[in-house]
Every structure is written in C-alpha cells, then in structure tokens.
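Reader: Please take me through one part of this protein closely. I want the ligand sites, and the parts of the fold that surround them.

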Amino acid sequence: MLSVTDLRPLDTATADLSRIIPRANVDVSSVVPVVAPIIEQVRHGGEQTLLELAERFDGVRPPALRVPAEALEAALAGLDPRVRAALEESIRRARLVHDAQHPQDSTVELGEGAVVENHWTPVGRVGLYVPGGRAVYPSSVVMNVVPAQAAGVGSLAVTSPPQRDHGGLPHPTVLAACALLGVDEVYAAGGAQAVAMLAHGVQDDDGGWLCAPVDLVTGPGNVYVAAAKRALQGVIGVDAEAGPSEIAVIADGTARADWVAADLISQSEHDPLAASVLITDSEDLLRDVLAAIEAQVPGAFHEDQIREALTGPQSGVLLVRDMDQAVEVSDRYATEHLEIQTRDPEALVGRIRNAGAVFVGPHAPVPLGDYSAGSNHVLPTSGTARHSSGLNTVTFLRLQQRICYTETGLEEVADGIGVLAEDERLPAHAAAIRARFA
Ligand SMILES: NC(=O)c1ccc[n+]([C@@H]2O[C@H](COP(=O)([O-])OP(=O)(O)OC[C@H]3O[C@@H](n4cnc5c(N)ncnc54)[C@H](O)[C@@H]3O)[C@@H](O)[C@H]2O)c1
Ligand SMILES: N[C@H](CO)Cc1c[nH]c[nH+]1
Ligand SMILES: [Zn+2]
C-alpha cells in the first residue's frame, strides 16, 4: 500500500525531498480568498449570521450560539464513567507537564542603577478551537485548555462545530471535557466563521458582547480553519498551523514490524491527507511492515480513509543506507510526530532537531501522546516543525521586559547611546538622552 523509494544512492543533504515525499496537497493560501467573505459576513453580522453559517456548513442550526450552562452540566452528568476517568488522568498528566513549562521571571543587574526584569505575562483572553468535522476531539479540549490554564490566562472561550446528531450543540464529550476543566464559555461554531467570531467578537442586540473578541486563537483544524487564522493574523495572534496528521517512524531491523505498521495506520485514520512515512535501513523490516499493513488494514473502522492516506503521495517508505542518513532525511522532512524504534533509540534522539514531538522507543507510540502521555498533541505539521513548537504553556505567555534605570545607570551608557543614535541619523533619540543631563 505504501510506495517505496530507495534513497541509498542519493545525496539526501541536497536532494529535493519535496519531490520524493511531497506534503499533502493542502494549499492554505488558495483557501484564504474562499474564507474572506465568511470572515466579512461575521464581522458585520451577529448571532443570526453565525447560526445561518452553521446551517450552511455544518448542516444544522444550533439552538443558540453560546452553549447554555445546563447543557455543559448535562453533558458531564451523562458522561460514561470510563471516559471520565480516562479524561481526568489525561488532564492530570497534562497539567504536570504544562505546569513545568512555565518559565521563571528573572532580574538582571547590569551595573549600579541598571536593571532589566523579564516578566512572563499571560495573554488576556484566548479562543480555543476544537475540531469537529470528520471526527470529534474531546482530547483537543484538554490539549488547548491545560496549557492556557497553566499560563494563567484569565478568560478562555472554547468553540467547536455544531453536531447534527446532537441538536446543533458541539459533541457532548467535548462539552463534558470543558466542564471537567472548569470552562464555562463554549460556542457552537466551527470552521472559518468560528475563528472570525473569536477575532471580531459578536455583539448582542443591545451592543453588549455575546462573545467578546479574543487576543489569541489556538487549536488544530482543517484548511478553512487554517486559512481563517492566516487571514486574521494581526487582528489576533495564532499558534503554529496544525493540519492533517503526520507520522514518521525511524526503524531498524530490531523493530517489531506489526507495531510499526499499527502506528503508521493509526495516524492515517484521521484524514485522507494524513501522512505516514517509514524511514528504515532494513529491507527485511520494510518487507514485514508492508505485509503487516496489508494484514491490518482490511476491516479497519476507517478502512477507506486509511487506504486513501497510505496510498497518497504524502505517505511512503524511504529506504536509507544507515541511521545517519535516516536522521538527515527525518530532519529535512521535519515531521509532526517522529517515532524512533531502533536498537538504541536514546542514542538517536539527541541528534534529531526538527520534529514536533519525538516518541522514543517501542513503548512510546504516537497515540500515547495523542491522549495520555502528558505531552501536547497540537503539533506543527507540513514541515513547520523547522521553526515552530507545538502548543505549550509559553504559547499563552508574552515576555514583558521592564527597564528600571536610575540617573546613575543612564549616565553610564548615555554617551554610547548618543554615538549610536547619531550613527543611525536619529538625532532626536540622542537629544532625549542629553536632555536628562542638561
Ligand atoms: N495536529 C493536531 O494537533 C490535530 C489534532 C486534531 C485534529 N487534527 C486535524 O484537524 C483536522 C480537523 O478537520 P475536520 O474537517 O475534521 O474538522 P474542523 O472542525 O477543522 O472543520 C470543520 C468545519 O469546516 C468548515 N467547512 C467544511 N466544509 C467547508 C466548505 N466547503 N467551505 C467552508 N467551510 C467549510 C465547517 O464550518 C465545519 O464546521 C483534520 O485534518 C485532523 O487531522 C490535527
Ligand atoms: N494525532 C492528532 C494530532 O495530529 C491528535 C489526536 C487527537 N485524537 C487522536 N489523535
Ligand atoms: Zn491521532
């Protein structure tokens, strides 16, 4: 099902990898003009506009834009106790990991009367997008809300598409997860219209806010969500793009072929555009993984979608000379999730620079991180792991510097500032310093 490319003869440091293993065909820029009219409609409209857009794009008109408190309570009361226990454990672990990500404030004394303080300040109000088109993602409620709370964000709004089977409300487990986390502001809106609602806010008939505008929008979503985030960047801050799931597995001849196959299949059930890539130096493992995939896919719950994802150009097997070439290829590909299933995975992990998250060894499969490892599953896709991180506590913080200088401290650097300002032909800057000593 997966096509095989032999990279052994190639110089993979310079080869055009995007031709060998292209990214899924998700052209976010080309969708920006598609979402622009939706954004404009929401900007000038009110609650009715959002309800009409839900009817058009989700096939159901929510009873109201904001989910009533009783619906959140009812969803929690009706939650399967096993699901509740699993969500609580996932929340507990995620809290431990995300609390540990909070950076320390610091104070640096640079001389007498010369102090700079670094203060980490939470974003004031955030909008958290929880996808709900092809599948629903209560786990993404945890992954959005926990880091925002760990950062100390005071005001959180969650939005998720209305579900036809649930009277136009977001999925009940999504609502229950919000209730478990203490989030009471939840909206029944999905896609570009949800991002626009969060960015511009929605007013009620009296000019009050039904949904007040937020400062930052985070969360994964399809191409319409990503395009709206791109279009509205600047009006709001946004996190890295988290599009169709990606998994790459570096494995050698010691790996369990059936486990590698299961992990590759796991992410392909998200989306026909999901990417599953095996990087191996073992022809035996390659053969066994392909056979295991053929054995495991028939009868799978999402069989058609899995087949489409695994046969797409974005998925495949890359046969490499050795683990050095495996690391080189993996770093250039910069996958969302990277598994290392080799004889000595700890020896390789320190050499990996570009990956959203690295899963080390045979007992750390990606679905562990999707739900319960404590790590975050909202991770950079499409190669953006080269420059961006997954969702984390720092995403919801800003660094504010406080510059605390006395006359003595300023005097010490006054001449230097004057020299630099004159050199940049900005004499008014120099004058502002000189005025203190006139
Ligand atoms: N990287 C991560 O952390 C992560 C986590 C979970 C999900 N995901 C990914 O997020 C994506 C979720 O996508 P999804 O579609 O299931 O849910 P979604 O909630 O992102 O999108 C559903 C919305 O898309 C809008 N839409 C659908 N068709 C439209 C059209 N023709 N024009 C305008 N708007 C339209 C609708 O408003 C609908 O509410 C998947 O690709 C999944 O793999 C990623
Ligand atoms: N693998 C997805 C991120 O790419 C996250 C997820 C949620 N539920 C299951 N998986
Ligand atoms: Zn997943």
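Author: Buried residues make up 46% of the 438 residues in this predicted model. The C-alpha trace spans about 85 × 55 × 40 Å along its principal axes. There are 17 helices and 16 strands.

Domains come next. The domain assignment gives domain 1 (3-25 + 243-374), domain 2 (29-238) and domain 3 (406-435). Domain 2 and domain 3 have their centres 46 Å apart, taken over C-alpha atoms. In the contact, domain 2 takes part with 4 residues and domain 3 with 4 residues. The side of domain 2 that touches domain 3 has 1 nonpolar, 2 polar and 1 charged residues.

Now the site of ligand 1. The shell has 28 residues, and Gly 133, Gly 190, Gly 191, Pro 220 and Gly 221 come nearest to the ligand. Three helices each supply at least two residues of this shell: helix 3 (47-58), helix 8 (191-200) and helix 9 (223-232). By class, the shell around ligand 1 holds 13 nonpolar, 12 polar and 3 charged residues. Domain 1 and domain 2 each give at least three residues to the shell around ligand 1.

Ligand 2 has its own set of residues. They are Tyr 137, Ser 139, Ser 140, Ser 245, Gln 267, Glu 336, Asp 370 and His 377. By class, 1 is nonpolar, 5 are polar and 2 are charged. Where does ligand 2 lie relative to domain 1 and domain 2? Both domains give residues to its shell, so ligand 2 lies between them.

One open sheet has 6 strands in the order 1-13-12-11-14-15, with parallel pairing. Strand 1 (4-6) and strand 15 (355-360) stand at its edges. Each has a single partner strand, so one side of each is left without a neighbour in the sheet. From one strand to the next, the twist averages 20°.

Strand 11 (residues 246-251) pairs with strand 12 in the parallel sense over 6 bridges. In that pairing, Glu 246 has Ala 275 as its bridge partner. Strand 13 (residues 316-319) runs parallel to strand 12 (residues 275-280), and 4 bridges join them. There, Val 277 has Gly 316 as its bridge partner.

Strand 4 (residues 125-129) and strand 9 (residues 216-218) run parallel, joined by 3 bridges. Val 126 stands opposite Leu 216 in strand 9.

Two backbone details remain. Ala 334 has phi near 55°, a positive value in a residue other than glycine. Ala 334 is in the loop between helix 13 (323-333) and strand 14 (335-341). Is Ala 334 buried or exposed? Ala 334 is buried, because 24 other C-beta atoms lie within 10 Å.

Ser 382 also has a positive phi, near 60°, and is not a glycine. Its place is the loop between helix 15 (366-371) and strand 16 (397-405). Ser 382 is buried, because 22 other C-beta atoms lie within 10 Å.

Technical notes: Residues are numbered from 1 along each chain as its sequence is written. Chains are lettered from A and ligands numbered from 1 in the order in which they are written. This is a predicted model: local features need pLDDT of at least 70, side-chain atom pairs count only at pLDDT 80 or more; totals for chains, interfaces and linings use all residues. A residue is near a molecule or strand if its C-beta atom, placed from the backbone, lies within 6 Å of it. Ala, Val, Leu, Ile, Met, Phe, Trp, Tyr, Cys and Pro count as nonpolar, Asp, Glu, Lys and Arg as charged, and the others, Gly among them, as polar. Domain bounds come from an automatic or database domain assignment. A residue is buried if 20 or more other C-beta atoms lie within 10 Å of its own, exposed if 12 or fewer, and partly exposed in between; C-beta atoms are placed from the backbone. Two residues are in contact if their C-beta atoms, placed from the backbone, lie within 7 Å. Two strands pair if DSSP finds at least two bridges between them. Axes are lines fitted to C-alpha atoms, for helices over the stretch in contact, and angles run from 0 to 180 degrees between N-to-C directions.
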